[in-house]
Amino acid sequence: MPGSTRPDRPWPLVGRQPQLETGESAMDAGPGCGLVVFGAVGVGKSRLAGEFLERARARGYAVARAQATVAAAAVPLGALAHLVPPYLDRDDLLSAVQQTAAHLRTLATPTGLALFVDDLHLLDQASALLLRRLMDVDAVLLLATARTGHPGTALAAGFVDDKVFRVDIEVLGQEETVRLLSTVLERPVGRRTARRFHTLSGGNPLYLRELVRSARASGVLVHDGEVWELDDDHTFSPHLEELIGARLAQAAADTRTALDLLALCEPLPLHHLAAVAPHAGLDALELSGLVTVTRDGRRASARLAHPLYGETIRSRLTTFRERALLLFHADLVEGLGARRREDPLQVALARLEATGRVGDPGLLGEAARRAALTGDHLRALELIEAIPPEERSFERWMLYGRTLYEAGRFTEAETALGIAVGSASDPRHRLEAITARVHNLVWGLGRGLDAAWSVVEGDWHSGSDEPLPVVLRVLRITVAAATHEWEAALRFCREFVEANGSAAFAGLGAGADAGADSGAGAGAGAGPDARANAGADAGTDTGDGGAQPPEVAQPPEVARPPEVAGVAGTADAVAPDAVARDFAFRVGLAEAVSSAYTGRGAAALERMRGLEAYEVPATASAISRTTLELARTSISAVVLTEYGLLDDALALDAAPADWDHSDARMLQVTLGRTALLAGDLARARQLFAEAIRASRPHSAYTLPEALSLLAATAAQQGDVEGAERALAERAALPVAESMPEERLGPAWALAAAGRLGDACRMLLRAAQEARVLGHAHSEAIMLLDVARLGGGQWAADRLDGLAKTCEGPFHRARAAVARAWAEEDPDGLVRAAELLVGVGARLVAAEALLTAGALWRRRGRHRSAQALEVRAAGLLDRCPGARTPALRMPAGAAAALTPREAEIAFMALRGLPSREIAEVLHLSTRTVDNHLQRVYTKTGITGRAQLGAALGGVGPGGPAAATR
């Protein structure tokens with residue numbers, strides 16, 4: 001069961017390697033030396049020192065413990081009483097040291113005695129003095145902890161000298177929290193959940209442990225088969241409440257109201273708190289670490305020092321107390337003039353939470369707008385929905401629809417945005433509403449180009465007899481690219497340039513005009529020579545070296561497209577140059593992704609590099625800045641991947657807060673796809689799983705693709721059950737397959753089940769469909785997988801053709817490895833593997849090297865084979881969990897079997913009798929048995945019972961391990 005680690009078992013140490021190395025140095029120094037671990041409450045001081053103690057025991061030290069406490073400090077030598085002899089002369093320090101040292105030597109081993117003193121800062125003076133003298137005579141190796149910020153910290157610091165190391169331990173960073181959670185729960189943890197745990201715990205391992213324990217106990221931390229996620233707000237364990245309660249109990253009674261107010265309304269200006277607590281009390285709250293004060297220019301504000309303090313305080317407030325505090329806060333802010341930018345939001349929220357209503361809809365609307373701007377979509381929805389529908393203006397319906405989209409409620413967003421279109425009073429408003437509605441239809445509800453465009457035309461002409469303005473023609477380009485109509489998108493780009501002149505693309509990078517001509521103009525009618533020449537002019541790489549992206553100069557200023565001034569309303573809202581920049585940015589993104597997916601990799605890369613120089617335009621847009629930032633990152637990943645810069649693509653990321661945005665699922669799928677192509681299957685699977693969870697149950701745009709690619713990933717890990725589970729969910733969706741690449745999931749599931757021939761046939765059919773559609777990237781991916789599954793002879797010629805007409809080293813690497821597989825050319829496989837490593841496709845490179853090694857072994861060159869196997873093993877270290885058919889067979893077997901023999905052998909290993917294999921493959925039982933007999937002969941075995949050893953241990957649940 002995932003996360004079955006016993007709750008009382010010590011958690012692993014994560015992010016503490018430097019401290020562990022310091023501890024090893026202290027133990028190397030021997031008795032008379034030591035270390036003191038300093039840190040705040042709950043950061044893991046005792047856990048780390050306990051690890052040091054166990055390592056000292058493993059080195060041969062005897063171990064002893066002493067616990068300093070406030071109670072023990074009241075008695076001289078109270079903490080060390082169990083370690084001193086009963087006859088100790090307490091009046092003579094020198095004699096006491098000698099007697100205690102002699103006594104401790106009777107407890108020590110030849111290596112020495114390691115003494116662990118927990119909470120060294122609480123030692124009484126006599127114990128501290130005795131311990132210091134014991135170290136002077138090399139009686140003990142000291143391992144101790146001390147709390148920072150305590151009055152006794154100075155006493156503990158006095159032990160630190162040239163023989164006693166100081167080790168400072170801090171809270172965990174977010175990435176360390178993610179690693180710790182994944183280790184403890186034994187499965188990946190979703191980014192949103194990991195960030196929530198990190199925020200609540202503040203990186204404090206003790207608090208984190210209690211949060212996880214209580215979340216699991218209450219059933220809100222659930223594993224959906226792929227990742228751990230928090231389903232709802234969770235309750236705290238009694239132990240955690242006691243820990244936090246004891247900390248808060250240190251506050252004076254006259255500051256409790258200030259703490260309660262902060263818990264409900266933080267951050268607060270200092271003068272607000274001064275209205276409810278004395279200055280001395282507030283000063284004490286800051287000094288004790290319960291409250292932190294930050295300054296921004298002349299403004300100072302206070303907040304609780306830890307998120308859990310607020311959670312705990314709020315859980316203890318009565319309804320009447322909370323209501324009174326909220327109304328007090330609202331009256332206080334209004335009484336002071338509500339001058340700060342965030343004051344209207346604070347007042348509206350306070351009154352809404354206290355009474356369930358706010359008298360002024362304008363105040364609610366403004367508060368909702370500001371909440372949406374900060375990304376708090378749920379809060380914004382709460383505020384908007386408190387406004388009666390009959391009092392919602394166009395702006396409020398727009399805000400409602402856009403916020404519903406941001407929150408992933410796409411069907412409701414369609415209703416709200418439809419109302420917004422109908423309530424638009426002028427062309428500017430209608431354009432804004434139409435844009436937002438189409439965005440929701442495509443990226444939310446998964447509608448195609450024709451359906452979306454019919455809405456555009458219907459909405460526009462319902463209120464105007466004017467022709468479609470340029471902003472809607474830009475929208476058509478982006479929709480075509482988003483709905484996988486890439487050749488159409490490039491055609492629309494060309495028409496846009498022809499209608500608006502080259503100025504429309506000024507500012508998209510050096511060679512932008514040429515890029516538009518070569519990318520958008522080299523459509524379906526352009527021949528291979530024309531496209532190759534266009535790519536060369538745009539900076540296509542040459543030769544067989546690694547990926548070398550074209551150099552891109554800094555872009556010039558954006559010129560204004562001639563038609564922008566005629567767009568009703570948009571030029572009124574923002575400066576014309578900003579409108580032009582917005583248009584150019586969106587068209588540039590659409591052209592870049594369309595070029596990348598149709599084999600124009602160099603042109604796509606050049607266009608994307610030009611776009612990277614710009615800050616996302618802050619226009620009066622119906623699409624949020626976050627959406628555009630995520631789109632740019634996603635498209636950058638696509639362009640880099642298709643060109644052959646997989647590692648660069650995987651280095652891309654979004655801002656942490658943006659991962660909660662509904663459009664983050666597109667970036668997750670894109671990066672997951674790149675990780676899959678690179679062979680980082682664990683990362684790919686987690687990204688697909690998070691995208692799926694974010695897309696359920698509403699997003700038809702990403703959910704089908706993510707489920708199919710997750711199935712392909714699971715199958716390449718040998719997890720047939722996981723692949724079938726994803727495919728079953730995909731089959732239940734009311735959405736037909738929209739891309740040939742979605743066949744990757746079912747095909748790899750067949751391959752994992754041993755049906756290699758059926759998998760190849762499915763991939764070949766899908767590749768042909770992709771070719772008809774002009775989806776060069778999908779065709780190349782599926783043909784390469786055909787070669788990986790033993791069908792190199794069926795894929796090599798077409799991949800050679802794609803390498804000649806498509807730009808980028810990835811296409812050349814695919815063609816080279818398929819040709820070498822088809823011709824059983826070990827030298828060619830090695831050369832192809834180098835090309836694949838150069839683009840970042842390590843898993844396929846490892847498969848190629850293992851196949852080359854098998855071929856060399858068949859020809860008696862065992863040393864050459866062994867060297868290739870070692871190189872392949874190094875690559876597979878970067879591909880954890882990979883279990884593809886090419887990895888399952890030990891050296892010598894892979895090249896010895898024909899594709900049909902390998903297919904039948906794997907099916908037999910999965911427990912299928914010959915009769916069932918014959919039915920699946922449409923063969924006779926006798927033919928199946930004849931194939932199996934040849935497998936036995938080639939692999940040197942005598943029957944089915946030995947197939948597991950011969951073929952890498954594949955069983956009903958998947959292979960036991962990758963053979964290297």
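Me: What mean pLDDT does the protein have, and what share of its residues reach 70 or more?
Reply: The mean is 80, and 83% of the residues reach 70 or more. Here pLDDT is the predictor's confidence in each residue, on a scale from 0 to 100. This is a predicted model, in which local features need pLDDT of at least 70, side-chain atom pairs count only at pLDDT 80 or more, and totals for chains, interfaces and linings use all residues. Residues are numbered from 1 along each chain as its sequence is written, and side-chain values use heavy atoms, with hydrogens and water left out.

Me: Which elements have the lowest and the highest confidence?
Reply: Strand 12 (residues 958-959) is lowest, with a mean of 30, and helix 40 (residues 826-839) is highest, at 95. Over residues 504-576 the pLDDT is below 50, and this stretch has 150 contacts in the model beyond near neighbours in sequence. Residues 953-964 also stay under 50, with 34 contacts beyond four places in sequence. A contact means heavy atoms within 4.5 Å.

Me: Why is Cys33 called buried?
Reply: Buried means a relative accessible area under 20%, exposed means over 50%, and partly exposed lies in between, with a 1.4 Å probe and protein chains only. Cys33 has 8% relative accessibility, so Cys33 counts as buried. Cys806 has 7% and is therefore buried as well. Of the 964 residues of the protein, 56% count as buried.

Me: Why is Glu186 called partly exposed?
Reply: The relative accessibility of Glu186 is 35%, so Glu186 falls in the partly exposed class. Glu186 is not a glycine, yet has a positive phi of about 65°. Its place is in the loop between helix 7 and helix 8.

Me: Which residues of helix 8 are buried, and what do they pack against?
Reply: In helix 8 (residues 191-201) the buried residues are Thr193, Ala194, Arg195, Phe197, His198, Leu200 and Ser201. They pack against helix 7 (174-185), helix 9 (205-218), strand 6 (221-223), strand 7 (228-230) and helix 14 (307-316). Gly202, with a positive phi near 65°, follows helix 8.

Me: How do you know that the peptide bond from Glu266 to Pro267 is cis?
Reply: Its omega is near 0°. Pro267 lies in the loop between helix 11 (256-265) and strand 8 (268-269).

Me: Why is His811 called buried, and which residues are in contact with His811?
Reply: With a relative accessible area of 4%, His811 is buried. His811 lies in helix 39 (residues 809-823). Leaving aside neighbours within four places in sequence, its contacts are Ala776, Ala780, Leu802, Ala803 and Cys806.

Me: What makes a space a cavity, and how many of 30 Å³ or more are there?
Reply: On a 1 Å grid over the protein atoms alone, a cavity is a set of points where a 1.4 Å probe fits but cannot get out, and lining residues have an atom within 4 Å of a point. Grid points are joined across faces, edges and corners, and a volume is the space filled by probe spheres set on the points. The count is seven cavities of 30 Å³ or more.

Me: What volume has the largest cavity, and which residues lie nearest its centre?
Reply: The largest cavity has a volume of about 130 Å³. Its lining has 16 residues, of which Leu676, Leu677, Ile781, Asp785 and Arg788 lie nearest the centre. Helix 38 gives the largest share of that lining, four residues.

Key:
Helix = DSSP H or I, 4+ residues; strand = E, 2+ residues; numbered from the N terminus. 1 Å grid on protein atoms, 1.4 Å probe; cavity = no way out; pocket = protein on both sides within 12 Å on 5 of 7 lines; lining within 4 Å.
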